[in-house]
Amino acid sequence: MESLPQIPGPQLARFRGQGGALDIDFLQYLGSGVHAHVWKVRIDGAIYALKMFRFGNNFTPASCFHVELSDEEEIMYMHPFNCESRAYARLHEANEEHVAIPCYGYILLDQEQQKRLRKRDTTCDWVKDWYYSDAYAGRPVQALVKEFIEYDNVGARERGLDANLRRVTRAIDSPKTARALLDNMATLHRIGILHRDINNSNVAQGRFLDFSTSWTKPHPCLDPEQIESSDSPFHQLGITDAYDVDLMIGHWNQYHPPKRRLWFRAAQSQEYLKRLRSYSKKFKDSRNFIWEWTQEYPGRPDLCRWESEDMGAKQRRSKRDWRKQCLRRKEKAKQIGQHDGLKIYQPA
Ligand SMILES: Nc1ncnc2c1ncn2[C@@H]1O[C@H](COP(=O)(O)OP(=O)(O)O)[C@@H](O)[C@H]1O
Ligand SMILES: [Mg+2]
């Protein structure tokens, strides 16, 4: 069967197991988020985590980013299953799979496999999630086969210091994993992936666990020309991810004594910049402020150029090209700023 999704760009291969029909045992419910239910499963004798995506359009449409897409394109580029498949396919292609919990391919659960899950399941809402009714049941459910990890599944309703500390430490458990998270995020941006939802339920010990909101180049919302002409480009730039990582580091610091606090950041704090006098002038115009702030984290996934055989020498070249492009845009921005005398960044 073909790789998915069938649009230009990276495509994820089907999970093959040992070949033939997959024998799936549903062992234990692991957790769920907005987009999917995750189960511990045994497939052909080996243990995995199976992430099964809900039907329905539970994603932000491209129009919110001033990009118009057809209905079909909207599904292909914005649906959580396709977003996650494309991101994993890109990691595989660029040989950077170490930044995430490994994914071994997709499967489409047929009626027989769904029946098996229904027998064991007490948590999923089958009518709402997978449109079950008397007349209709069993459209294939899209799923990703991932490595199973021991993940502290703190319930959304659990409150208090202890629950929060568990949330923090499942994502970052030491300064070393915090550093790794910073590096891993930079790797994503370099190879053209914008994560868009970095938080402590989507990160496991510095590695990414969930890509269901990520955009991967080539992507209509990651077009440099469109982004630079937009009035509100903030959510399409790498700085959003950098800001989320910094929030996570901030959470770590809240729960640790001064000796164990982390002082490095992915980007300059927005609050700090706003307090600077040189910035307060610029902040009057929020668009310029965003561009200026963006310079604090110059890694821009939209500037990565996707090429189908992006490996080996070609990959190294694209890494150099990307760095050069980021630097060039930064330089250019500065020049305009000096010319203005006000040091206001205008997109190149
Ligand atoms: N590989 C895994 N091993 C163990 N638990 C997992 C794994 N992947 C996900 N989970 C659990 O399932 C929950 C939801 O998964 P996630 O991929 O974040 O779904 P969503 O896209 O709906 O947010 C996670 O918070 C975690 O508790
Ligand atoms: Mg999640």
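This is a predicted model: local features need pLDDT of at least 70, side-chain atom pairs count only at pLDDT 80 or more; totals for chains, interfaces and linings use all residues.
The axes of helix α6 (residues 175-190) and helix α8 (residues 238-254) cross at roughly 170 degrees, so α6 and α8 are roughly antiparallel to each other. Their axes come within 11 Å. On the α6 side, the contact is made by Ala178, Leu181, Leu182, Met185 and His189; these meet Gly238, Asp241, Ala242, Val245, Ile249 and Trp252 in α8. Sorted by type, the residues of this α6 and α8 contact come out as eight nonpolar, two polar and one charged.

Then there is the sheet. Five strands make up an open sheet, running in the order β1-β2-β3-β5-β4 with antiparallel pairing. The edges belong to β1 (24-32) and β4 (103-109). Each of these has a single partner strand, so one side of β1 and one side of β4 go without a neighbour in the sheet. Leaving direction aside, neighbouring strands here are turned against each other by 30 degrees on average.

Further in along the strand order, β3 (residues 46-53) pairs with β5 (residues 141-146) in the antiparallel sense, over four bridges. Within this pairing, Met52 stands opposite Ala143 in β5. The sheet also has a helix packed on it: α3 (residues 111-120) touches β1, β4 and β5. The direction of α3 makes about 60 degrees with that of β1.

Terms used:
Residues are numbered from 1 along each chain as its sequence is written. Chains are lettered from A and ligands numbered from 1 in the order in which they are written. Axes are lines fitted to C-alpha atoms, for helices over the stretch in contact, and angles run from 0 to 180 degrees between N-to-C directions. Helices (H or I, at least four residues) and strands (E, at least two) are DSSP runs, numbered from the N terminus. Angles under 35 degrees count as roughly parallel, over 145 as roughly antiparallel, 65 to 115 as roughly perpendicular and the rest as oblique. Two residues are in contact if their C-beta atoms, placed from the backbone, lie within 7 Å. Ala, Val, Leu, Ile, Met, Phe, Trp, Tyr, Cys and Pro count as nonpolar, Asp, Glu, Lys and Arg as charged, and the others, Gly among them, as polar. Two strands pair if DSSP finds at least two bridges between them.
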